Amino acid sequence: MKAIIYVFSGTGNTRLVAGIYQKYLTEYETTIFDIKVQNTQIPDPNDFDLCGFAFPVHGFNAPKIFTDFVKKLPAIRDLNSTGKKKTFIFKTSGEGLTFNLYSSQITIRTLERKGFEIFTDHHFVMPYNMIFRHSPEMVKSEYIYADARVRMNVKQLRENSKTKIYRRSIKAWFLPIFRIEWLYAKAQGPFMKVDTKKCINCQKCVKICPYQNIKIVDGKFKFGTNCALCVACSFNCPTSAISIGLLNGWKVNGDYKIVKTASDSSIKFPYFNNDLKGLKRWAYLKHFKNLQKELEQNNIPLQETDLNLKKL
């Protein structure tokens with residue numbers, strides 16, 4: 001059997017979780033397809049037995065580059081003979097707020113119209129690429145819980161178990177307002193700049209941009225209006241030379257080395273417990289308590305060790 005996971009990932013968190021799925025979907029030959037505007041050959045979902053869709057949450061919504069991609073996918077053929085396409089969704093964000101659960105609304109409606117049947121929709125908390133840098137203790141817990149959640153989701157898919165799908169809700173009535181970020185991204189792009197004193201001209205930002213929005217003209221970096229606000233450019237800049245305009249005060253720079261951090265036995269685990277205070281308690285405790293209950297109900301143990309990290 002064959003599976004595909006269509007992934008948009010700016011700084012790599014969502015792509016990392018997709019890799020965990022690939023590891024545990026042992027009965028499938030699993031392909032991970034990275035969504036970028038320069039893609040010319042897009043795998044047809046009709047050629048796969050299982051389809052996954054994954055994105056980072058931007059302002060409680062899916063990024064526009066992701067929703068545009070989903071809208072362009074072909075519909076599922078031969079629905080009368082084969083049934084709808086078995087599908088799962090997952091998304092990542094830097095905090096565990098309930099509103100993030102509703103970020104798949106456009107994706108769900110679009111896929112269902114095309115003949116996809118959504119079995120599960122899971123939310124993963126992973127290290128922030130904006131606002132503040134997560135500590136090693138947070139990173140380790142986030143990865144270990146992500147590994148457990150993937151194992152739980154794979155079990156659900158094997159058993160054809162459907163989980164709650166977060167559709168339109170009165171709780172999330174205001175989330176469409178946050179799609180103003182899609183417009184802001186276009187205005188934000190030209191305000192991004194490169195500090196030439198720090199820049200080592202590696203051009204990693206040019207190569208990594210999913211919109212090909214960064215170009216070098218007459219030896220100078222130019223940022224266009226096709227920005228996804230994924231901050232892949234600034235996060236991955238080896239010298240932190242990129243300013244992201246009005247959001248620069250929230251900039252986080254540098255690889256978390258998530259897999260290496262998760263395997264470090266000297267780092268405290270678990271981190272998300274009743275000791276949390278203030279904003280961190282509000283943003284994370286409920287999410288991880290609920291996840292712990294789900295894991296226990298599904299007989300999924302946490303694995304602080306033996307994560308098969310070298311296989312990723």
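**Surface and core**

Guide: Lysine 293 counts as exposed because its relative accessibility is 52%; exposed means over 50% relative accessible area, buried under 20%, and partly exposed in between (1.4 Å probe, protein chains only). This is a predicted model, in which local features need pLDDT of at least 70, side-chain atom pairs count only at pLDDT 80 or more, and totals for chains, interfaces and linings use all residues. Residues are numbered from 1 along each chain as its sequence is written, and side-chain values use heavy atoms, with hydrogens and water left out.

Visitor: In which helix does lysine 293 lie?

Guide: Lysine 293 belongs to helix α10, residues 278-297; helices are DSSP runs (H or I, at least four residues), as are strands (E, at least two), numbered from the N terminus.

Visitor: How is a nonpolar core to be read, and which residues of the largest one touch the most other members?

Guide: Such a core is a set of buried Ala, Val, Leu, Ile, Met, Phe, Trp, Tyr and Cys residues joined through side-chain atoms within 4.5 Å. Here the largest has 56 residues, and those touching the most other members are Ile5, Tyr21, Phe88, Phe90, Phe124, Val150 and Tyr284. Elements that each supply at least two residues include β1 (2-7), β4 (85-93) and α10, while α5 gives the most, with 11 residues.

Visitor: Is tyrosine 128 buried or exposed?

Guide: Tyrosine 128 counts as buried, because its relative accessibility is 11%. It lies in the loop between β5 and α5, and its C-alpha atom is separated by 9.7 Å from that of threonine 92, 36 residues apart along the chain.
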